[in-house]
Amino acid sequence: MTDFPFLLAMIAVPAVGAAVVAALPRGSDELAKRLALGISAVVLLLAVLATVAFDPDGERFQLTMSASWIPDFGVDFALGVDGIALVLLLLVGVLVPVVVLASWRDTAPGRRSMRTFFAWVLLLEAMMVGVFAATDVFLFYVFFEAMLVPMYFLIGSFGGPRRQYAAIKFFLYSLVGGLIMLAAVIGLYVVSTSELGQGTFAFDALRQLDIDPGVQKLLFLGFFIAFAIKAPLVPFHTWLPDAGAEAPIGGAVLLVGVLDKVGTFGLIRYCLPLFPDAARDLAPFVLVLAVAGILYAALLAMGQTDLKRLVSYTSIAHFGFITLGIFAFTTEAATGAVLYMVNHGIATGLLFLVVGMLIARGGSRRISDYGGVATQAPRLAGVFLIAGLASLALPGTNSFVSEFLVLVGSFPAVPLFTVLATLGMILAALYVLIVYQRTMHGPPRGVLLVDDGTPEPAGTDGATATLTAPAPARLRVRDLDRLEMAVAAPMVALIIVLGFYPQPLIDLIEPAVAATMQDVGAAPAGIAPATTDAGGTD
Amino acid sequence: MTLTHYLVLAAILFTIGAVGVLVRRNAIVVFMCIELMLNSVNLTLVTFARAGGTLDGQVMAFFVMVVAAAEVVVGLAIIMSIYRTRRSASVDDANLLKY
Amino acid sequence: MIEAPDLSLAALAPLLFVFGAACLGVLVEAFGPRERRHAVQVTLALVGTLGGLVTSLLLAGEREVTAAGALAVDGPAVFLQATITGLGALAILLFAERSLDPARSAFVAAAAVPVGSPRDRELMTAPRVQTEVYPLATFAIGGMMLFVAANDLLIMFVALEVLSLPLYLISGLARRRRLLSQEAAVKYFLLGAFASAFFLYGLALVYGATGSIGLADIRAATTESGSDVLLVLGLALLIVGLMFKASVAPFHAWTPDVYQGAPTPVTAFMAACTKVAAFGAILRLLYVAFGTSEWTWRPLVYGIAIISMVVGAVLALTQTDLKRMLAYSSIAHAGFLLTGVIGLSPDGGGSGLAATMFYLLAYGLTTVGAFAVLTLVRDGDGEASHLSQWAGLARRSPLTAAVMALFLLALAGIPLTSGFTGKFAVFRAAIEDGAWPLVVVAVLASAVAAFFYLRVIVLMYFSEPAEDGPTVAVPGLPTTIVLAVTVTATLVLGIAPGAVLDIAEQAAIFVG
Amino acid sequence: MDTVAADGLLAWSWLLIALPLAGAAVLLLGGRRTDRWGHLLGTGTVVTAFVLGLLCTLQLADAGGRPVSVELWTFIETGSLDVPVGLLFDPLSAVFVLLITGVGALIHIYSIGYMAHDPRRRRFFAYLNLFVAAMLLLVLGDNFVVLYVGWEGVGLASYLLIAFWHERPAAATAAKKAFIMNRVGDVGLALAIFLMFAQLGTVTYDGVFGSVGALAGGTVTAIGLLLLLGACGKSGQFPLQAWLPDAMEGPTPVSALIHAATMVTAGVYLIARSAPIYDETPTARAVVLAVGAITLLIGAIVGCAQDDIKKVLAYSTVSQIGYMFLAVGLGPAGYVAGLAHLLTHGFFKAGLFLGAGSVMHAMNDAVDMRRFGGLASRMRITFVTFGLGYLALIGFPFLSGFYTKDAIIEAAFDRGDGWGYVLGGVAILAAGLTAFYMTRLMLMTFFGRPRWDEGVHPHESPSVMTAPMVLLALGSVLAGYLLVVAFPLEEWLVPVFGRPEAAEHVVAPLVVSALVTVVMLLGVASAWMFVGRREVPVTAPARVSPVVLAARRALYADTVNESLFMRPGQWLTRALVFLDNRGVDGAVNGLAAALGGSSSRLGRTQTGFVRSYALGMLGGAVVVAGALLAVTAG
């Protein structure tokens, strides 16, 4: 079973699929989306099978395969996953079909051809799988950069009014980071050349190098800046609100749900094991960025007037938590951080989806254009609330587990930062509940208001005339229909199941994280905090 | 009168040519200035040949002359064609392509 | 009784092929029947260049100095000759394209006829075409091949002129917008002549300083006698002359004007082949003749590289004409190439040489392709090279837009395209030589550069097409071939560059 | 006392949580097809849970109250952190299980009538079920993390129920306020958990209580204070009391169940549960005392000036929970007293709220007591049950409040030191105030001339509503006697708190009781003086003493919150948004603009004149030559 090249298949299937979908004749959007759904479902299946084949307590990297690619540069096409990458692959596998399903309706006749849209999504999936599965730094870099292209076209061709600006901004930000990283990658290669005789990009070989601290710092920064832009961390974040706001919902979900995870994934997969000394020395600064991001972005989220920008800012705050967890250098926190990546993908993904459903009804992204939706679209409101609660990490939702782990794990190592970060819990509650109250609660108002006496379309819950506030004003708003429920249901289910029974994922993640922590030379947290004090506080 | 004098003279000629290129407007004159530069080089070559006691330099001078001649042919052709269009040989008039 | 100098015809086969074809072309021009001339000329030029390509490929691994030490047929020479002939053949194909322009050719019917005269107007639409361009171009190609193989300064100078003079002429032969074309010719000619004068004076000074013009002898002289003022001045002037051809800032001023004014196929030819040739000469000069006194010119090249990258990238930001934009981008690329030159260790080893050569190949192919696409997008009076006219091109012709996007991404150096492999190679070479600050500047510059490439993609894909926008002509066979070749090359060199890198690696040894 | 694994029925005690949870799930997922029978299902689950809880308690009693644990599954296990999902069924949690399921069941029944006409009744019962489940998880969890899960779970349920009529802006806002202020407390609880893990490496009750003694005093105090912060948030104690009165925007059964009987007493539970920790830290205990004392005064004072019947009861709740905090703050001496008062309060306050709900039901949901009056004759049952609850609350002799409140006051005096007298005094004073405002409420509502709006025709509520009121009224009469005299709670809780040494009374209980009764009667009398004798104005008099004004404004709690947190927060947010757009993003865009500008400026050098190009080249040549010479020379 394990000798089946799962990872290669997970890259090849969507890539080929993308080509096929793109090659379909004009006007075959219906076929295109069915095809896309099928292909992404296959990838999901492969991901699940790969998880079955994966042995958490076995080798660090499993399902490996390697083929020489560019011998002159010592580049191999080497794939393999540890627990960290595996759970992220599962996330990709889950999100893409959902996204395809969520874009089902966009293939209306007269609209812009969605054939290319699905092709780009599938290509993006292939790239994302590649970036997580690569065990060769060069290969990782190639996917890391190439990933930009499909997302660039997704934003630029299918996005909102300011999509050109957003697309270019997204691309340039990432490219700048990527190019700086390129310099560092080459530097790493040169170092390996001087140490091992001939240069290599193999992650495992590079991990063994001992690099002079000064050089380490430079290389670390090279990688870190790229990942900090990708994640994004304050102050490299301003591209995300634009991109997130202008991207089509499907694109936004993949952008914030998966693409940005590459940043945090890179931090824990590359920055820590490859440059342990630099990571330890610079941890305080990173932690400052992380905590600043948590509070700063949360406050900004409260100040937003645009639904999608708001969600983007909440994500920035969450990335702060993830980074805190990674750079606290304790197994608990780092495990929590990785789990957070998955959970955030699901929770924020759902939040984007439901926001998109609301926008699809109102045709406006402005928060102030909505009000009292819950009175006539209880299912919509319900899903919105669940997504929101997951985003504020309410116990019982998946995010709680990860946020709790991050904080409880970081506290022994960096108490001060953790306390500050914990205040983020309050801010999170604020920004979620404020937007929820403004859009869902209160008397009906906004763009959905029925000004003329037209009867509202069917499908709404009859729950408008309450014995308390007989509101004469009514909204013309459909409640979630079958398709939309089908989109939301799996996410909601995941949120709750993982909220109460996260252990399977943790069991996958922990060994890999523990190994990483050994690379950095950090012990698990717990009774003896002194051992893991990353110098954050004093 | 030592060899240095010749070299200096050649340098001066070269400079004159270069300056001429900068200050003169008429394409023909500009081109002649360039020819002057080439010829100053010839002088230099010959001088060095003399100094080195070999003939290479002199041979090179011949090469240069031939090349210069070819250049003249091409150059005048081009200048002529644009002159016939614009009725002016001023290099400053040819100024459509910029920025 | 003078014994003839040793002359290994085998080693010179490529040159002979090309020059032979060129001379025959002249004869055909003189005696061939007009109506069949075009076909014959094209075939001749293609046979010549392709023959040159094949023979130079056969010469792979050849390392000898021949023609009384005047020519060095070694790895780099052969590799670059192959590159030049290959790119040259592609350019010739572009020259030969007749189906795009209703006037059946990109070249003027009779260059001597004044612009705007009645005769000119009537010729404008006449089926008559110029065929001198083919022998001229072939001569230029021959000159370039000579340029990269020249093992003494005089040959280098002669080659310089042999490649330049035809270029001056054919850049003035545009069928449309003749005024611009002629202006380009004049500027190119005057500045070119000016530059070669500098080169020549440099030659003289070096000769004076070392008593010889053979690169090997110069190397010997510099190694033992060190470097006196004459030598250094000479080197400086030689560098100026070569940098001019390579359109490196601050000697780039002619590039945008000439690229814009010249007929697009010629621009493609210059952008690709001239760069290859010029860098070939630069590499040879610096590493064969002055390899041992590397420390003298290294800081200079370092600085020039930075200037060139920054000037090219920044100036291109605000261009509105595609040809002009590509011209500035070629200046920036010259800077990137110089980072490769920096990454070359004194003994001519190191990965710099191979990297630079690979970059030249990749860049040349991509550029030819990009200009080829440019020739397809036309409106009433010829090519529509203004950016605004490209808005929404993807709706009109998805394929054209996709191909152009690929080339632009390659020029921007996005992974899985040849541009990335090239950038990676030269940056690696530079960092191996400890020049990481230069590389940091380079990556920032390429980030800036990425902006204007992206802007074109944005226009093509994300903007609504203008109603009176240009039409996309259906390429004829020649252009189709060119596009097919360049697209494939751009992808192959990006996805599986191993083989070519190997070849470059093995070729990367000068015969000293 | 060490715990044993569960057997028999206790092994099924997880059903206590599962049943209501399943009910909620069915009702929420079932959609409109469950509208017809949804409320019955909801009530059924809780009643069943009550029965089950009763049986479990009996089995526990047979086992001599020996704590029983039920391990369910591993919640989180990584590194040195191990969080199981386990239940702990000991006398303390048993008491709460009975209170929650018992009162819960009654209020479910009541709601069937109260919400009969609400089209969203099904969802109402779903939320109630959800609340019961979460609350049971809170009191049954065997470690702090599970407690935390329940803790925020009840917060969610309370949010949903306060905002049940969410088209009312007031309700929506109140719900948000409640959740936020609770979250502030939750942060404290969370930090306490982090600290436990950091210092003790465990978060289970056994682990923490077992080794807390070994900790440095400072750490223990920190843990205690952080726990207290959490308790204050949940129980509406000073300084986080402001949300509780607003929470009255929710339907009245919610106010009765969540914001009177059960959820708001979770804080007391937390502190009682954490007794081993507080036993180690007098400092934290002192703070608990202070909080309790301050809160019970605030509640009592503000309660005197409110005209909204539910607000009066709400502040009364705040004040009564203050009593409980005061009690548990006293340490071993007070735990039982506090819990006893918690139980009796659960009965009579729930009863009072249900009565108030019945009144509102009759008055078309009016809440302004100034527009009530003379309802005694129209609503007999309501009047009687409400009256009994009232007597119990003000501590009328031999009703439940009398026993439990006196116990607390005695315990306060028994501290012996000066603080003991201060606290006792405060408690007694508050007892007087309680008597005052409750009497005022009674007078304004049930006596005097009717001051109803036109179109109001008061009528007794249906029996489905009155029956629970009657039962609760019985509870409020008897509970005190049963818990203190008949089946002493003290005995029952011995397994948890151990047997406290018999305190020597500094003030004889009889004296205390007498004193309390006198003060209480004074309060009643003064209420009669101020309210009963004269006509009640239909609109509140504008010109009143600053004290009354302050009391009406809830002692400016909201004003403080707004000016201290809300406004600065909003200002900060606006400032940051500006900074982010202009500053951070502006910098990037500025850089881009700068590049573009320099590009066009640099482009000017490309003049198009051959000669200037030549000049450029010449200059370049000179520079190159110069550079090379410089290198070689230097």
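The following legends describe close-up views of a predicted model.

**View 1. Chain D as a whole.** Chain D contains 26 helices and three strands. Its C-alpha trace spans about 115 × 65 × 60 Å along the principal axes. Of the 634 residues in chain D, 59% are buried.

View 2. Chain D is divided into domain 1, residues 295-552, and domain 2, residues 607-634. The centres of domain 1 and domain 2 of chain D, taken over C-alpha atoms, are separated by 97 Å.

**View 3. Helix 1 of chain D and its surroundings.** Helix 1 of chain D covers residues 14-30, a total of 17 residues. From first C-alpha to last, helix 1 of chain D reaches 23 Å, close to the 24 Å expected at 1.5 Å a residue. The buried residues in this helix are L16(D), I17(D), L19(D), P20(D), L21(D), G23(D), A24(D) and L27(D). The elements covering these buried residues include helix 2 (38-62), helix 3 (91-114) and helix 4 (121-140) of chain D. After helix 1 of chain D comes G31(D), which has a positive phi, near 70°.

View 4. An unreviewed UniProt entry lists residues 75-125 of chain D as "domain: NADH-Ubiquinone oxidoreductase (complex I) chain 5 N-terminal". Residues 75-125 of chain D are 57% helix and 25% strand, with end C-alpha atoms 28 Å apart. For residues 143-427 of chain D, the UniProt annotation, also from an unreviewed entry, reads "domain: NADH:quinone oxidoreductase/Mrp antiporter transmembrane". Residues 143-427 of chain D are 78% helix and 0% strand, and the end C-alpha atoms of this span lie 33 Å apart.

**View 5. Helix 14 and helix 15 of chain A.** The axes of helix 14 (residues 307-327) and helix 15 (residues 331-362) of chain A come within 9 Å and cross at roughly 175°. Because of this crossing angle, helix 14 of chain A is roughly antiparallel to helix 15 of chain A. Residues of helix 14 of chain A that make the contact include L307(A), V311(A), H318(A), F321(A) and I322(A). On helix 15 of chain A, the contacting residues include A337(A), Y340(A), H344(A), L351(A) and F352(A).

**View 6. The contact between chain A and chain D.** This contact takes 55 residues from chain A and 46 residues from chain D. On the side of chain A that touches chain D, two or more residues each come from helix 13 (276-303), helix 15, helix 17 (398-413), helix 18 (415-440) and helix 20 (503-520) of chain A. Helix 18 of chain A gives the most to this side, with 10 residues.

**View 7. The contact between chain C and chain A.** Chain C and chain A contribute 26 residues and 26 residues, respectively, to this contact. The elements of chain C that give two or more residues to the side touching chain A are helix 17 (418-432), helix 18 (436-462) and helix 20 (498-507). Helix 18 of chain C gives the most to that side, with 12 residues.

View 8. An unreviewed UniProt entry carries the annotation "transmembrane region" for residues 6-23, 28-49 and 61-83 of chain B. Residues 28-49 of chain B are 100% helix and 0% strand, with end C-alpha atoms 31 Å apart. Residues 61-83 of chain B are 100% helix and 0% strand, and the end C-alpha atoms of this span lie 31 Å apart.

How values were computed. Residues numbered from 1 in each chain as written. Chains lettered and ligands numbered in written order. Predicted model: local features only at pLDDT ≥ 70, side-chain atom pairs only at ≥ 80, totals over all residues. Domains from an automatic or database assignment. UniProt positions renumbered as here; feature names shortened; annotations may be inferred. Helix = DSSP H or I, 4+ residues; strand = E, 2+ residues; numbered from the N terminus. Expected span 1.5 Å × (residues − 1). Buried ≥ 20, exposed ≤ 12 C-beta atoms within 10 Å, placed from the backbone. Contact = placed C-beta atoms within 7 Å. Axes fitted to C-alpha atoms, helices over the stretch in contact; angles between N-to-C directions. Parallel < 35°, antiparallel > 145°, perpendicular 65-115°, else oblique.
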